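Subject: Structure for you to look at

Hello,

The structure we spoke about is below, and my notes on it follow. Please read them with the model open.

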Amino acid sequence: MPVPAHLTVTDLPRVVERCDTASVPSIEVGESSGNDRWSVEQVEAIAPAPAAVSAARPLATPTRWSGTGADHRAVWGACRGSGAEPYEVVVDHVGVATRCTCPSRRVPCKHALALLLMWSNGQIPDVPAPSSVEAWIDGRRQRADAASARSDSSSSASDVAEPSSASDATTDRPETADPGASHEPDLPPDLPQPPEPPDRTRERDERVARMHAGLDELDRWLDDRIRTGLADPSLARYATWDQLAARLVDARAGSLANRIRRLAGEVGARPDWHDTVLAELGLLHLLARSGRRLADLPPDLADVVATTVGWQVKQADVLAGVPETDDWIVAGRTDAREDRIEVRRHWLLGRETGRWALVLSFAAYQQSLDTSLTVGTSVRADLHRYPGAALRCLVGRRHDEPTVAAPPTGTVAEMCDAVGSRLAVTPWLDRIATTVRAAPAQHGDGWLLTDATGSVPLLVDRADGAHADSLDTVLAVSAGQPVDLTVEWTPRGVVAVAVHSSIGSIDLGLRADDSFVSAA
Amino acid sequence: MSATVDDTWRDLVTGALLGTDRRDPPAVEGPLGDLVADSATDSSSERMLALVAACTSVRRAGLRPLPPAAPTAPPSDDQRPVCPAVAIERWRHVTTSWPVLEDEWTVTLLERGWKMSPTMLPAALRRHRRDAVRHARVVVAAGPLAEWLIDLRPELATTRPRATVDPAALVTLPELPVPPELVERIGRADVDQATADLAGDVESGRLGTAHRAVLINLVARIDPGALPEVARSLDAVEPMAPGHPLASVLSDLARVRGRMLHELAPAD
């Protein structure tokens, strides 16, 4: 999805436009050069899953549609859905691409499939395309021509400069690193030029000043809590926390505001809540102090602290950085609600580098989350890290189709070493993915993951971010024997987010509530 | 070192409960004390926060495993092959889109010598906790692993008494209500003609939405050999005809059932 370069990461949930122009990848349906209708089998072939066709069939009835039509290049129509406005659907049946205004991230969505099913059944009349459809098709044609011209010129340049290294990842870098090439929407040349950029330096200084003021306030608040003690009744009132969180949001320190709200839920939640809350107050103090001394910190650490505090980095800036090209194994996924936004975490492990990466996606009410990464697969792709060699990344260019893969695993002791090493650098992280080969074992009322080198507590409650069924699946797949797992470390223990066996990988992560996010 | 850090942490928690207005932070020496020495100020609350931050960081970075635990005894062996991955995927599709086919999926699995995959076992057990026959069918299909899992996780046991389950019911498909005249029509010797007539009735609306449930039951129990012809006839229903949406639904069911039975071809 093209995202305007001026938007920041935290703007994403508000601006996600759903199911826009998207080519259907790598599915051979046979190119149609004229008005040849597709068969039902061809429609089924481009469906992302068999269930998608089942979901589309009830919509493939003319009473649900208006303004339908087809010509030698496209099929279009408006489908009455759950939204107030009908979904506008267009399918390029020659270039095999779909566009729909519904909130689904599935490509193609059920509306596009339903439209194609009706077309294949002869329920769509042949009529001239309306101007909006023609414009979309023309845009696609122009982009295809431009891409082919770019490809021709870059391949000839590459041939001249370095004929023997055409597949070297560095030869791809200029193309990927150009945010304009991959993220600016294609605009006709006669559109007016954008206005002059505002005074960025002044804006930045104002933001820094606001953030420093917020961090000062946070530290004063922490100081008050420590002076009056954790037994102070005001700590049990949500307003005590929420007012601070609101002020941190005003200070553009949204990440810290989220931490404060999460922490409010910990008060009184368990018998040992004082432990958890005190540790987090200490880490907040660490962040507040270091956030005000960024200039004194080493550059990488300063970048990590700034983004942890809430400093916003433009997606375009991240994507303009040097990519890490690797076979990225999608080792785990889990969803969590933060305030009114559903956040999906995909944990990726580089096969060659052994480095972890975290890819986040966001969905507000009735928006959908990223479904392009599947646990138990590997995809060769460029990943662009946020500043400071952070865990968080954006996925850039994908070089190949995903293949089935499972991450390598180690012992429990090795897992603890890996987590400890990461925490020594960034102690404020509250979740870290890692892999382990261990057996589940009962221990009193709880469970452990154990091997000859040691054990770690296995969290199974939803309150800890664990899927209620994850323990059952780990037990069933392991049958009491060691099994390969992706887990998320938390200060209280580990949460199993995926199990990898000879049968395949099973995604055990929490799933967003279907009534909140749009599933398809 | 670790014991010292843990002791310090306990002192810090006690102090934090009371608050630094009532009790000064503990005096810390050694590496941890050195770590916070440069940030120590006259304010006891700031000194306390610096100590908490340092102690938390050290404890997390020094993460150590607990001692090894006794492993859980494994279940007894089951030599049956695990059903193919495509059949597992089909079960998921059937349970969400065509639950009327689930009994046949499990019965066919048992008849053809497959073992239910461990990956789907917890979901299948949980799904049928309130249905003794279906739950027992899942237990038989998964073998000793199911009994072992239920022992460890009593939440997966059935809420109904299992003693009442008739063993014959485990391998018998439950009857679905279908009007006899429909069964008779579709059971004629000339299958092509019978399915064409059925599709004609759907197309004309003689068999309409009011008959949807019994038609689904009919397709779910029709002789599997007739399924391809049923799907073909229903696909041929005129697109603008009133019965077209129903025909599409029934055609999808016929195809899904045909594929399901094909994917569970007998294990060698």
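In chain B, the axes of helix H13 (residues 227-235) and H14(B) come within 8 Å and cross at roughly 155°. Axes here are lines fitted to C-alpha atoms, for helices over the stretch in contact, and angles run from 0 to 180 degrees between N-to-C directions. Helices (H or I, at least four residues) and strands (E, at least two) are DSSP runs, numbered from the N terminus. The angle makes H13(B) roughly antiparallel to H14(B); angles under 35 degrees count as roughly parallel, over 145 as roughly antiparallel, 65 to 115 as roughly perpendicular and the rest as oblique. The crossing of the two is left-handed, a term used if the near helix is turned anticlockwise from the far one by less than a right angle, with right-handed for clockwise.

Before the rest, two notes on the source. This is a predicted model, in which local features need pLDDT of at least 70 and side-chain atom pairs count only at pLDDT 80 or more, while totals for chains, interfaces and linings use all residues. Residues are numbered from 1 along each chain as its sequence is written, and chains are lettered from A and ligands numbered from 1 in the order in which they are written.

On the H13(B) side, the contact with H14(B) is made by residues including B:Leu227, B:Val230 and B:Leu234, and on the H14(B) side by residues including B:Ala247, B:Leu250 and B:Arg257. Two residues are in contact if their C-beta atoms, placed from the backbone, lie within 7 Å. The residues of this contact divide into eight nonpolar, two polar and three charged. Ala, Val, Leu, Ile, Met, Phe, Trp, Tyr, Cys and Pro count as nonpolar, Asp, Glu, Lys and Arg as charged, and the others, Gly among them, as polar.

H14(B) (residues 244-263) also meets helix H4 (residues 85-97) of chain B, where the axes come within 9 Å and cross at roughly 150°. That makes H4(B) roughly antiparallel to H14(B), and H4(B) passes H14(B) in a left-handed crossing. B:Val86, B:Ala87, B:Arg90 and B:Val94 of H4(B) make this contact with B:Arg259, B:Met260 and B:Glu263 of H14(B). Its residues comprise four nonpolar, no polar and three charged.

Chain B as a whole has 14 helices and zero strands. Its radius of gyration, taken over C-alpha atoms, is 32 Å, whereas a compact globule of 268 residues would have one near 18 Å; the globule rule is 2.2 Å times the number of residues to the power 0.38. The C-alpha trace of chain B spans about 95 × 50 × 35 Å along its principal axes.

Now the contact between the chains. It takes 62 residues from chain A and 57 residues from chain B. Helix H11 (residues 273-291) of chain A gives the largest share of the chain A side, nine residues. H11(A) packs against helix H3 (residues 44-61) of chain B at an angle of about 105°, with the axes 8 Å apart, and that makes the two roughly perpendicular. Among the residues making this contact are A:Leu278, A:Leu281 and A:His285 of H11(A) and B:Leu49 and B:Val52 of H3(B). By class, the contact of H11(A) with H3(B) has eight nonpolar, three polar and no charged residues.

A:Val277 is also in helix H11 of chain A. With 21 C-beta neighbours inside 10 Å, A:Val277 counts as buried (20 or more other C-beta atoms within 10 Å; exposed is 12 or fewer, and partly exposed lies in between, with C-beta atoms placed from the backbone).

Regards
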